[in-house]
Amino acid sequence: MKKLLLIAIAAMSSLMAMAETKTFTDLLTVSVNGISSTQQATVMVEDLGDGNINFRLPNFVLVATNEDPETGEVVESKMGVGNIVVEKLPLNKGDNYDYFEFSGDLMITEGDMEGVDMWIGPMISPIPLVLTGKITNDKVYVNIDIDMMSTLEQIIHVEFGKDLVEEKVFEDKLMVSVNDVSSTQDATVIVQYPLVMNNTYPQTINFMLKNFVLIATSEDPETGEVVESKMGVGNIVVDNLPLTAGKGFDVFSFQGDLMITEGDMEGVDMWIGPMISPIPLVLTGKITDDKVYVNIDIDMMATLEQIIHVEFGQDIKPTYTVTYVVDGETIATEQVEEGGTVTLPEVPEKEGHTFAGWTGVPETVTADVTVTGSYTVNTYTVYYKVDGRVVYSEEVAYGNPIPNFTITPESDDRYTRTFEGWDGEKYDTMPAHDVTYEAIISVVDGIDEVVNGKSSNGKYYDLSGRRASQTKKGLYIKNGRVVVLK
């Protein structure tokens, strides 16, 4: 029993050692029926070491501000909700961050914040709640939707921290057209890419055009000076814009009524956007790693009887892929803007072949295209020689079989000549150079023996095969051999 107890204690100690709690302090934004308030809050995330976490948002309160009718002072009041605690949440691993989520009915427990006497969460629990979060080593971002429709007829949306995003800032010219009258100003566009799992490409972006103003110039009737005036419109912010792939860029768009928020540019005292929002707006854009191009149409016909057209940056042309194929293999690719020309690559050498050129080269690139190159096989000459003199030659393409050639040398009464073959390096197919062969000819002398005077040994025959009863100087056949008598 004691041994089992020690094992249990050791196991608990091990688990406690593996658990790690991180505390994050940030702004908590609470939205109730479209009305938002911000407060400082603390979130705790305990890593249990087994792929799960415990999440805790303690002392969650609803903060309201009211003006005292007697004193005019702004009075802050707090209504306690309670502790939002979700245990054993699976922690999903990713490359950019880890994430967790919960959806279900949750028991909210009573908080312990000073100055708060009543906590409504425990009274109306369990409460339907949806929680999603992203976490890194030093940041956490959490969204919570608390469904209180059945009790308080409202849904409370809670957002802790800032979404984990990659932010790009683009500075360029902004052209504004109002009733066909155009003006140009410097402007900044901010695009945020929410970090995603497994390094896959971002599926949405947040778009921000801050401090958008209308600029008008007029001439002072007294001084003749050109006076510039600015009328503030505000911040155009559209979140969660879906990205779709284009040719060399990504595309995003929005169409609908948008709330334009107040800007913070010095020298602009009034921002008309928040006054007349929501405003019908159409936004389209293209984006690459280092460029963004945006068109915005702001429909103010109902208020100012005009449509404001806004264009940021230079249009981004489509980019197409040019593929270079030689002998069925891709040797290079390049990306070319629409209307551009191709840059032909260097071609690898191919043995003693000669590159014949490219086919399918467009004058300008207007679509994905494949350019094809080819080689022509080189030809070389095979020479057949007899006694250094060429008796036969033929041009043969590299790699083709070398032609056979034979000769029949002439013989005479005295010499018998026989063709024995060719001298030279042997190839089955044509190499990448000329080939020379020299004939090998054997020569046999027709006289086998020279005899001085008459011989009594053997029988002699003349060249016609008749036996000679008497011999004199000349040619005879003896024992099947040609002999000469002197």
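Q: How much space lies in the largest pocket?
A: This is a predicted model, and in it the largest pocket holds about 1400 Å³ of space.

Q: Which residues are closest to its centre?
A: Tyr 141, Glu 159, Gly 161, Lys 162 and Asp 163 are the closest to the centre, out of 41 residues that line the largest pocket.

Q: And which element gives the largest share of the lining?
A: That is β1, with seven residues in the lining of the largest pocket.

Q: What about the lining by class?
A: The lining of the largest pocket has 16 nonpolar residues, 15 polar ones and 10 charged ones.

Q: Back to β1. Which strands are in the sheet, and in what order?
A: The open sheet has eight strands, in the order β4-β3-β2-β1-β8-β7-β6-β5, and their pairing is antiparallel.

Q: What does the twist average from one strand to the next?
A: The average is 15°.

Q: How many bridges join β1 to β2?
A: There are 13 bridges between β1 (residues 20–32) and β2 (residues 35–47), and the two strands run antiparallel. One of the paired positions is Leu 28, whose bridge partner in β2 is Gln 39.

Q: OK, and how many bridges for β2 and β3?
A: Four bridges, again in the antiparallel sense, pair β2 with β3 (residues 52–67). Val 45 stands opposite Phe 55 of β3. The two strands form a hairpin with four residues between them, and Gly 49 in the turn has a positive phi of about 80°.

Q: Then β3 and β4, how many bridges there?
A: β3 and β4 pair over 13 bridges in the antiparallel sense. Leu 57 is opposite Ile 84 in β4. Their hairpin has six residues between the strands, and Gly 72 takes a positive phi near 80° in it.

Q: Which residues other than glycine have a positive phi?
A: Asn 240 is one of them, with phi near 55°. Asp 327 also has a positive phi, near 55°. Most residues other than glycine have a negative phi.

Q: Where is Asn 240 found, and is it buried or exposed?
A: Asn 240 is found in strand β12 (residues 226–242). Asn 240 counts as exposed because its relative accessibility is 54%, and the cut-off for exposed is over 50%.

Q: And where is Asp 327?
A: Asp 327 is in the loop between β18 (319–326) and β19 (329–337). At 44% relative accessibility, Asp 327 counts as partly exposed.

Q: Which residue does Asp 327 meet in a salt bridge?
A: Lys 350, with 2.5 Å from N to O. The pair links distant parts of the chain, 23 residues apart, with Lys 350 in the loop between β19 and β20 (354–359) and Asp 327 in the loop between β18 and β19. Lys 350 counts as partly exposed, at 34% relative accessibility.

Q: How many salt bridges does the count come to?
A: The count comes to seven salt bridges. Among them is the one between Lys 247 and Asp 368, at 2.7 Å from N to O. Lys 247 is partly exposed at 37% relative accessibility, and Asp 368 is partly exposed with a relative accessible area of 42%.

Q: Which residue forms a salt bridge with Asp 98?
A: Lys 93 does, and the closest N and O atoms of the pair are 3.3 Å apart.

Technical notes:
Residues are numbered from 1 along each chain as its sequence is written. This is a predicted model: local features need pLDDT of at least 70, side-chain atom pairs count only at pLDDT 80 or more; totals for chains, interfaces and linings use all residues. Side-chain values use heavy atoms; hydrogens and water are left out. Two strands pair if DSSP finds at least two bridges between them. Axes are lines fitted to C-alpha atoms, for helices over the stretch in contact, and angles run from 0 to 180 degrees between N-to-C directions. Buried means under 20% relative accessible area, exposed over 50%, partly exposed in between (1.4 Å probe, protein chains only). On a 1 Å grid over the protein atoms alone, a cavity is a set of points where a 1.4 Å probe fits but cannot get out, and a pocket is an open set with protein on both sides within 12 Å along at least five of seven lines; lining residues have an atom within 4 Å of a point. Grid points are joined across faces, edges and corners, and a volume is the space filled by probe spheres set on the points. Ala, Val, Leu, Ile, Met, Phe, Trp, Tyr, Cys and Pro count as nonpolar, Asp, Glu, Lys and Arg as charged, and the others, Gly among them, as polar. A salt bridge is a side-chain nitrogen of Lys or Arg within 4 Å of a carboxyl oxygen of Asp or Glu.
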